[in-house]
Amino acid sequence: MRFFDRFRTAGALHERAESMPAGVTPPARSATARLVTTDEALTLPAVYRAVQIIATAVSQLSLDVERGGTQIETPALVRNPDVLGAPRAAFLEATTTSLAMTGNAFWRKHRGADGYVIALEVWPTYEVSVSRDPRTGQIVYGRDGVDYTTSDVQHLQLMRVPGRLVGLGPVQAAAADLRGGLDLRDYAANFFNDSTIPSGILSTEQQLTPAQAAEWKKQLAASWKPTEPAVLGAGLKYDHLLLAPRDAQFLESRTWTITEVARLFGIPAKYMLAAIEGTSTTYSNQEQEDIAFVRYTLMAYMREIEMAMSAVLPRGQEARFNVDALLRTDTKTRYEAHQLAISMGLYSLAYAQQIEGLPVVDHQPATQEAPVA
């Protein structure tokens, strides 16, 4: 059984069915309907976009190291942590995606001859089992038939729930609701091919036997040509059923699903290209949304990675993401903040250039020599 299949929770499909014509609503789902896995969840555009936004935001940040509150030169383990040599951004992206999709991430520690960790490997979560040794009480991580301890594996968790050995992620917490979004999408895609909704109604005020009704239906189907009028007798009347495109594709319910996914992952609606009725976007509230996104969504991922990276560094060293670029999103505000910090002596011009990802260049004017008399 896959790792993410162990996370299941009760839920209900929320749909705005009252806005749809009678007989057009998707069929009711059983309370024991199969819940969604991470692979299936990623086929929902809203889920893919939400995970991509979070992973992209985290992977583009710089990661600094401090000792005793003073920044030191970034160790090789932090500059290039991946054991296979992948860029640090790719390592952070894989870790963040794993946290977002399963609520967990696992780093295999590779140590040098001196015992210090020199490289890390992101393990696929669905290949890892987590258990507690009943004799020693230690956590055991199993993969490919081999058991590992916390000395070998660094376990990252998005949300810790007392009594659980593994973290709880958005997909596992709302698996039933995401299954509803998948069912709705599939139903809408196959509506015109597999729908039980008839294309029209053949009616009459006369009493018809089942045989007569079947015969008239057969005759109408045999004589129907789009370019020719249909001729009916015996007081028969044919009404063609038409659905508006928005009803046939369940646009309102699918838009509602996008909003639910944005809420589930903590993504501002504007990032999901979704609009919420009754709201308007201004420069001021957009900036506040960006700050709230960093503090209450991204920080959960960043803080977990910071603690995990600090745990594999030598004692006394702590890893910290530089979030200044995210908290001060427009260029003018960032540069004004740098100028203020430099003038106050909080950090140097070189450090400001490093934050902005610029080459470290001394822009101080050179001292001119006095002219020779």
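A: Start with burial: buried means under 20% relative accessible area, exposed over 50%, and partly exposed in between (1.4 Å probe, protein chains only).

Q: Is Gln-317 buried or exposed, then?
A: Gln-317 is buried because its relative accessible area is 12%. This is a predicted model, where local features need pLDDT of at least 70 and side-chain atom pairs count only at pLDDT 80 or more, while totals for chains, interfaces and linings use all residues. Residues are numbered from 1 along each chain as its sequence is written, and side-chain values use heavy atoms, with hydrogens and water left out.

Q: Where does Gln-317 sit, and what does it touch?
A: Gln-317 is in strand E11, residues 317–321. Helices (H or I, at least four residues) and strands (E, at least two) are DSSP runs, numbered from the N terminus. Leaving out residues up to four places away in sequence, Gln-317 touches Val-65, Glu-66, Arg-67, Ile-72, Pro-75 and Ser-310. Contact means heavy atoms within 4.5 Å.

Q: Zoom out. How many helices and strands?
A: The protein chain has 14 helices and 11 strands. Of its 373 residues, 36% count as buried.

Q: What about the largest nonpolar core?
A: That core has 51 residues, and Val-47, Phe-265, Met-309 and Phe-321 have the most contacts inside it. Helix H11 (residues 283–312) gives the most to this core, with nine residues. A nonpolar core is a set of buried Ala, Val, Leu, Ile, Met, Phe, Trp, Tyr and Cys residues joined through side-chain atoms within 4.5 Å.

Q: Which residues are in the second core?
A: That separate core has nine residues, including Phe-106, Tyr-141, Tyr-148 and Val-153.

Q: And Val-47, what does it touch?
A: Val-47 touches Ala-41, Leu-42, Met-101, Leu-178, Val-261 and Phe-265, not counting residues up to four places away in sequence.

Q: New topic: Thr-95. Buried or exposed?
A: Thr-95 is buried, because its relative accessible area is 0%. Thr-95 belongs to helix H4, residues 88–102.

Q: What surrounds Thr-95?
A: Setting aside neighbours within four places in sequence, Thr-95 is in contact with Ala-105, Trp-107, Val-122, Leu-156 and Ile-305. The C-alpha atoms of Thr-95 and Ala-105 are separated by 6.0 Å, though the two residues are 10 apart along the chain.

Q: How much of the contact set links residues 24 or more positions apart?
A: Such pairs account for 68% of the contacts in the protein chain with a separation of 6 or more.
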